[in-house]
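Visitor: I should like to go through this structure with a guide, one point at a time. May we begin once it is displayed?

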Amino acid sequence: MTATVPRRLLTLYLPLSLAAIVLLFPFYWMFITSIKTDRELIDLNGLPFWVFEPTLEHYRVLFAETGFLRWALNTLTISVVATAISLVCSILAGYALARLRFRGAAAIAGAIFVTYLVPQTLLFLPLLEVVRQLGLSNTLWSMILTYPTILIPFSTWLLMGYFRSIPRELEESALIDGASRVRAMTQIVLPLALPGILSAAIFAFTLSWNEFIYALVFTNSTDIKTIPVGVVTELVKGDVYFWGSLMAGALLGSVPVALIYSFFVDKYVGGLTAGAVKG
Amino acid sequence: MRAETRERPVTAGQLPTIGEVLDRQGVLAYILLLPGLLILAAFIGWPFITSLWLSVTDQSVSTSVARFVGLENFTGALKSQIFLQTVRNTFVYTGVTVVFKLGFGLGLAVLMNQSFRLKNLARAALLLPWIVPTALSAIAWLWLFDATFSVFNWAIVRSGIADRGINWLGEGVWAMTSIIIANIWRGTPFFAISILAGLQTVDRELLDAAAVDGASPWQRFWRITIPLIRPVVLIVLLFSTVQTISDFQLVYVLTRGGPANSTHLLGTLAYDVAVRAGQLSQGAAISLYMFPVLIVCVVALLVYMRRSSV
């Protein structure tokens, strides 16, 4: 069986390593750039892949001289509240669409699916007008209220799938025993759908955290910015790029989603592929 | 035993209690749907109508009362060289990246479908480009493509391939190549993970039976695996097409549409025209040009999903 070892090397380990290097290199690069001194950053003669005098100076600048902490707090607040709003709406809607029989159910499910595919770049301009009309320009509310439009459609579809997978009989026997439908829903169906709800929550949180164009267009003061927008718009002064701090900000801004995701990879992948596989 | 049996008819003169009303499925369903539908109507439905209205007026940041101008914004766009260039860019960008993402994604999925140690770790690590904020990972690419300090150029010059590095983001074709590379990097994991999920549903016994009948691995892959995962591939393709056509972040961070508009996409051009130049109506019209492609993809998906769920 010794012949199979090089074969496996060729069909598995080699291409897989190559893919890993290509996909992960930019992250390594971000990290290493963020701890290089400015002198080392612009040194064209040295070896760029290593850092010889590591420094935390760029991180100090990021925290002490930019609004990074404020942006982090804003991003967290927006993501948590938008996710909570979306979950409540999606659980209710997903349950209704999966379980109740009523006129127009198919049409409404179809309409929600269509909104799932509406890209942000199609709507950001008129949405800016709507945000202005509502007097929400340059507030956290402008994002808290609009992000659910990105989150509700897929959460609802994801949860519809979960609700459908729970046997109807469980609920019906509770109804026959005299429980009201609302009670059957909250005490029997919801606990069983918890994995799906967690999946939707993780997905919704990361999507809110990563959102860019609405946050870019709806805000203009430093205090209201989110991490992606703050880092991209405020760490470049004219033509001067603060590369070290840019990388530090980019890296720290990515850590929360990467962490959440690494704890719940299966949930995340489950949510990601639920539509594709079950569809 | 159906649950509807609990829906007692309400006799005249006897008001139903709240509990009884809620137990009627039609009433309860609409109550449950209300919050979500309200948000979608307010922030997708209403803006969409606003968008249609904006696009047929001459609204800009300086006009106080907008005038109806018919389809002028749409026809005006078609006469603009920048817009036509942008449409070309968008098609090139979408076409090229989707093909590569599909190819690499399929390859990576097949690799990952084998069993090996640390498979879960590998799967987690490989999805990273797709899950971190694109605007932030784009900053890493901005530095990787820097005219002077690009590490790619360092490698090119050091290895003696060329005397001078490439001006990645500063020359039209290279700038397009750069954003395409960054997009493929970000999107491939999504294809790979979705297709991998599809591969895992393929019945091993089917493949084994074919092997017993003398089918080569190649034949098994093309004749059995591919037809079985076709639904997943199709859905991922359509999703990715919609997302790529409407892309914004990578271009905004890497090139702002430059040099000389050679990397503008519909989204970034709409942003420039409306937000930077203040021509709201023209920007709205440019955005709306995405709509036909979107409709085609949505209809294709709906038809396909309906057919496959029957």
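Visitor: Does Ala248(A) count as buried or exposed, and what is the reason?

Guide: The model is a predicted one. In it, Ala248(A) is placed in helix H13 (residues 243–263) of chain A. A residue is buried if 20 or more other C-beta atoms lie within 10 Å of its own. Because Ala248(A) has 28 C-beta neighbours inside 10 Å, it counts as buried.

Visitor: Which residues does Ala248(A) touch, not counting residues up to four places away in sequence?

Guide: A related pair is Ala248(A) and Glu57(A), 191 residues apart in sequence but with C-alpha atoms 9.9 Å apart in space. With residues up to four places away in sequence left out, the residues that Ala248(A) touches are Ser34(A), His58(A), Tyr59(A) and Leu62(A).

Visitor: How many of the 17 residues of H10(A) are buried?

Guide: Helix H10 covers residues 194–210 of chain A, and at 1.5 Å a residue it should span 24 Å, which agrees with end C-alpha atoms 24 Å apart. H10(A) is largely enclosed by the rest of the structure, because the buried residues among its 17 number 13.

Visitor: At roughly what angle do the axes of H4(A) and H7(A) cross?

Guide: H4(A) passes H7(A) in a right-handed crossing. The residues of this contact divide into 21 nonpolar, 8 polar and 2 charged. The axes of helix H4 (residues 68–99) of chain A and H7(A) come within 6 Å, and they cross at roughly 35°.

Visitor: How far apart are the axes of H4(B) and H11(B)?

Guide: Helix H4 (residues 81–112) and helix H11 (residues 217–245) of chain B pack at an angle of about 145°, and their crossing is right-handed. By class, their contact has 5 nonpolar, 6 polar and 1 charged residues. The distance between the two axes is 9 Å.

Visitor: Which helix gives the largest share of the side of chain A that touches chain B?

Guide: The contact takes 77 residues from chain A and 81 residues from chain B. The side belonging to chain A has 56 nonpolar, 16 polar and 5 charged residues. Its largest share, 12 residues, comes from residues 4–34 of chain A, helix H1.

Technical notes:
Residues numbered from 1 in each chain as written. Chains lettered and ligands numbered in written order. Predicted model: local features only at pLDDT ≥ 70, side-chain atom pairs only at ≥ 80, totals over all residues. Helix = DSSP H or I, 4+ residues; strand = E, 2+ residues; numbered from the N terminus. Expected span 1.5 Å × (residues − 1). Buried ≥ 20, exposed ≤ 12 C-beta atoms within 10 Å, placed from the backbone. Contact = placed C-beta atoms within 7 Å. Nonpolar A, V, L, I, M, F, W, Y, C, P; charged D, E, K, R; others polar. Axes fitted to C-alpha atoms, helices over the stretch in contact; angles between N-to-C directions. Left-handed = near helix turned anticlockwise from the far one by under 90°.
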